[in-house]
Amino acid sequence: MDARTVMKNWLAEDNPDRRGKAGRLLQGTSPERYGEIVADWLDFIEDTVPIGAFKAQPSHVKTWLDMRGGAVRTRALRQSALTAFYAYAQHFGHTDADPALVQLRGRPHDEPETPKLSEGQIHLLRWGADRLQGPAPARDRLFAYLMLGGLRSRQITEFELTGVIFEQHRMVGKVWQKGGGTRLYAFPDEIRAAVRAYLPERTWRPPSSGEEHGPLLVTYRGNRMDSNTTPRTIVKAVVDGARACPDPDAPELPARITPDMVALSLSPFAPLERL
C-alpha cells in the first residue's frame, strides 16, 4: 500500500487506531494538523527527493526539518506527527522502521542552556500534577498543566480571566507574549477541563478582580500570583509527588527541574494551536 493511502486510512474519522505519538486518540484539530505535516513530508520524500516514505532514513527527516525551519517546539510537533504516522504504518506491517526517531538539534537563541525532559519524564510529572494536594489543589494543578502545555511562568501569571473563551467543545485564550501584547491560542482538552474544575474555587478576589475579570490564577488573598516564586513552588510539589510514584519502571528525574524545563519540553497534551 502506498504511503498516501496509509496516511488517509490512519486519519480517517472512523479509524479507531487514529492515534498520536504517545498512543492517545487524535481529537479536535489534531488530525488536520498532523495530516498537513505528514502530507508535506510525503511531498518531500516521495516526489522531491524521491526516496519513498518507507525507505527514508533519519538523515532525510533531518534535512526536511532543517528546510522547514521554525522554533524547537514547531520542529518537535513535525517530528511527533511523523512518528505517529510511522507507528501506525509499522503496526499494520507497511514498514519496519521509523526514520522520524532522530535527535532534534538546536534551540532558540534565547534558550541556549535549558535542557529538555524526556517524554517519559514529562508524563511522570503529569502523574505528579494529578495528585497535588494542599489548600488549592485545583488551582495548582491548573498552573502545572499550563506549564506542561508549554506556557512560561510569566505567560501563566499574566493570563486574564477575560482572555478565556469557551467555544462549544474547546477553550481559546489570549496568551501574553514577550515584548507585549497577546496571541490567541486553542488549548487542549485536558487544560480546558482543568480550568473548568478550578473556576468554582476561584473565590479569592481583590477589589480590582471579580467573577468575570482579573487574573485567572490568584493567591488566597486574591492577588495575582508571583511569576518567580510560585512556579518553582508548584514544580517542586509536582516533582515530589512524581518521585513517590510506585511504578518500578518510572523514569528517573533530574536532580533539578525548573519551570522553563517543563514548559520547553514536549507537552503530554496536544500542542497549543495558534489561531
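**Entry 1: ground rules**

I am working with a predicted model, where local features need pLDDT of at least 70, side-chain atom pairs count only at pLDDT 80 or more, and totals for chains, interfaces and linings use all residues. Residues are numbered from 1 along each chain as its sequence is written, and side-chain values use heavy atoms, with hydrogens and water left out.

**Entry 2: the start of the chain**

In α1, I found Ala3, Val6, Met7 and Trp10 buried (buried is under 20% relative accessible area, exposed is over 50%, partly exposed is in between, with a 1.4 Å probe and protein chains only). Looking down the axis of α1, I see these buried residues within an arc of 100 degrees, so they line one face of the helix (the arc is taken from the directions that run from the helix axis to the C-beta atoms). They pack against α2 and α4.

Next I looked up α3, residues 58-68, where His60, Val61, Trp64 and Leu65 are buried. Down the axis of α3 the buried residues fall within an arc of 135 degrees, so they too line one face of their helix. Their cover includes α2 (30-48) and α4 (72-91).

**Entry 3: two backbone details**

Most residues other than glycine have a negative phi, and most peptide bonds are trans. Which residue follows α3? I found Gly69 there, with a positive phi near 70 degrees. I also noted a cis peptide bond between Val49 and Pro50, with omega about -25 degrees. Pro50 lies in the loop between α2 and α3.

Lys55 lies in the loop between α2 and α3. Is Lys55 buried or exposed? Its relative accessibility is 62%, so I count Lys55 as exposed. From Lys55 to Phe166 I read 44 Å, C-alpha to C-alpha, and the two are 111 residues apart in sequence.

**Entry 4: the cores**

The largest nonpolar core has 43 residues (a nonpolar core is a set of buried Ala, Val, Leu, Ile, Met, Phe, Trp, Tyr and Cys residues joined through side-chain atoms within 4.5 Å). Leu125, Leu142, Leu146, Phe187, Ile191, Leu217 and Ile257 touch the most other members of this core. Elements that each supply at least two of its residues include β2 (170-176), β3 (182-187) and α8 (189-198). Which helix gives the largest share? That is α6, with eight residues.

I then checked Ile191, leaving aside neighbours within four places in sequence: Ile191 is in contact with Leu142, Tyr145, Leu146, Gly149, Met171 and Phe269 (contact means heavy atoms within 4.5 Å). A second, separate core has 27 residues, among them Ala3, Met7, Tyr86 and Ala89.

**Entry 5: α6 against α9**

Two packed helices are described by the angle between their axes and the distance between the axes. The axes of α6 and α9 come within 10 Å and cross at roughly 95 degrees (axes are lines fitted to C-alpha atoms, for helices over the stretch in contact, and angles run from 0 to 180 degrees between N-to-C directions). The two helices are therefore roughly perpendicular (65 to 115 degrees; under 35 is roughly parallel, over 145 roughly antiparallel, the rest oblique). Asp140, Phe143, Ala144 and Met147 of α6 make the contact with Thr230, Pro231, Ile234, Val235 and Val238 of α9.

In α6 I picked out Phe143. Phe143 has 0% relative accessibility, so I count Phe143 as buried. Beyond four places in sequence, Phe143 is in contact with Ile156, Thr157, Leu217, Met225, Thr230, Pro231 and Ile234.

**Entry 6: α5 against α9**

α5 and α9 pack at about 100 degrees, with axes 7 Å apart. That makes α5 roughly perpendicular to α9. Leu124, Leu125, Trp127, Gly128 and Ala129 of α5 meet Val238, Val239, Gly241 and Ala242 of α9.

My last stop was Gly128 in α5. Gly128 is buried, with a relative accessible area of 2%. Not counting residues up to four places away in sequence, Gly128 touches Val238, Gly241 and Ala242. The C-alpha atoms of Gly128 and Arg243 are 7.9 Å apart, although 115 residues separate the two along the chain.

Note on methods. Helix = DSSP H or I, 4+ residues; strand = E, 2+ residues; numbered from the N terminus.
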